[in-house]
Amino acid sequence: MKRTAAALAASALLVPLSACGGSAEAGSGSTVTVTVGYQSKTINTVTAGTLLRSLGYFEKQLNALQDGTTYKVDWQDYATGAPITAQMTAGKIDIGSMGDFPLLINAARGKQLGKPTHLVSVTGYNLKGGLNTVVVPPKSKLTSLKDLKGKKVSTSVGSAADGTLVRALQRAGIDPNTGIEKLNQQPAVGASALAAGSADALSQFVAWPGLLAYQGKAKALYDGAQLNLPTFHGVTAREDFAQQRPAVLEAFLKAQAEATDYLNAHPVQAAEKVAKATGLPAEVVYLYNGAHGISTFDPAVKPQLVSALKQDVAVLKAAELTGDIDVDSFVDDQYVKKALGAGYAEQLAATPPAAASEVWPKAATKTRSFTSPAQLLAYVAEHKDGIRAAYVPDATTGTLWFADKAVWVADGEQLLPFVAPETARAYVAGHSGAQLITYADALGRAS
């Protein structure tokens with residue numbers, strides 16, 4: 001079980017009513033609207049967006065301020081981080097959530113336009129980079145990243161998924177600028193292009209790869225965790241808003257911490273809530289946000305994530321999307337420190353849960369965990385009609401994946417799952433006697 005956030009601080013700093021950028025509207029002189037930009041389907045931001053909104057924790061925290069002001073929250077849903085940044089620099093959004101690469105663009109645009117923003121907390125993260133995946137059509141003959149040379153690859157330029165693609169291609173010896181034909185598309189457009197055959201591959205962020213795999217519309221080609229570089233999503237706030245209304249920002253971060261506690265304590269129920277709000281299958285939400293999911297949720301701004309952010313700058317500069325970015329001045333964790341109180345140090349030191357295999361039985365409110373993929377397979381084989389979803393961690397990277405979509409290897413009595421065929425073949429090459437097998441064969445061997 002993931003660690004829960006520490007107990008929240010009991011009080012908030014009260015400030016007199018004042019203008020709050022362009023988004024806080026003074027009605028009768030005592031009403032303020034706080035505008036929050038979020039991405040409902042980017043489901044590792046749910047503790048600052050979809051789940052938080054459905055739980056109503058932010059509104060409750062604002063009501064608890066009792067500072068003579070009536071607060072209203074305007075939740076604005078976007079597909080990516082770029083429009084959130086545009087609205088923030090226009091003074092129309094106070095608080096937003098987005099991925100690491102968009103956060104850097106948020107920092108750059110804010111400084112450029114004299115509307116500085118700051119990273120104030122983290123939502124979900126993966127220390128190896130497993131939140132981003134490259135997928136191909138189900139019948140594609142492409143089996144490794146090197147096969148993408150000269151192919152059409154859809155991604156969203158400036159996103160974390162694009163960053164993964166660039167780095168992965170470089171490691172494979174392919175120039176990311178000239179070695180492929182890059183299609184700059186929104187995730188939904190890229191998914192359609194993949195289905196129509198106008199794109200050979202799609203590099204995208206949570207939850208698109210898992211969704212397409214679950215639907216049988218794609219299969220994994222490259223697991224972003226192979227890069228072994230942290231990727232995360234976080235919360236950014238306008239500097240003027242934070243300075244003018246610190247109590248409101250702290251209220252948001254307290255609410256985010258509460259939503260994080262809820263998700264970690266009730267992962268199945270949280271997945272169901274997010275699924276209901278977004279239309280995504282709950283099984284896909286759980287792949288990323290579950291007890292052993294690809295994403296770990298923790299508001300603390302961990303040093304390794306800040307370090308990764310600094311490394312990301314070079315990728316954006318090479319793509320001429322930004323210039324130099326002062327990451328240290330962009331990061332401002334004073335508000336989340338106050339929101340989490342004495343427990344912040346513990347959160348900062350918390351680590352992701354150990355990888356585990358999980359089965360979600362039909363009609364169950366809890367999943368079942370297993371110590372090995374083979375044990376999970378044995379259970380699935382005995383309960384074929386009673387399984388809602390089965391998840392297994394990649395034997396190399398630890399990235400969780402659907403058991404029936406994984407690439408399986410038999411190594412003696414061991415049954416090992418992999419997200420991508422390339423890592424499975426690498427394992428086989430290094431282990432005499434190991435061989436690739438089908439999922440059906442893996443079930444048969446385990447039963």
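Strand E4, residues 117–126, is joined to E11 by two bridges, and the two run antiparallel. Two strands pair if DSSP finds at least two bridges between them. Strands (E, at least two residues) and helices (H or I, at least four) are DSSP runs, numbered from the N terminus. Gly124 has its bridge partner in E11: Phe297.

A word on the source: this is a predicted model, with local features needing pLDDT of at least 70, side-chain atom pairs counting only at pLDDT 80 or more, and totals for chains, interfaces and linings using all residues. Residues are numbered from 1 along each chain as its sequence is written, and side-chain values use heavy atoms, with hydrogens and water left out.

Now the whole sheet. It is open, with six strands in the order E2-E1-E3-E10-E4-E11 and mixed pairing. E2 (70–77) and E11 (296–297) are the edges; each has a single partner strand, so one side of each lacks a neighbour in the sheet.

Next, helix packing. The axes of H5 (residues 160–171) and H12 (residues 303–318) come within 11 Å and cross at roughly 80°. Axes are lines fitted to C-alpha atoms, for helices over the stretch in contact, and angles run from 0 to 180 degrees between N-to-C directions. So H5 is roughly perpendicular to H12, a term for angles of 65 to 115 degrees. Which residues make the contact? Gly163, Val166 and Arg167 of H5, with Gln311, Asp312 and Val315 of H12. Contact means heavy atoms within 4.5 Å.

How values were computed:
Parallel < 35°, antiparallel > 145°, perpendicular 65-115°, else oblique.
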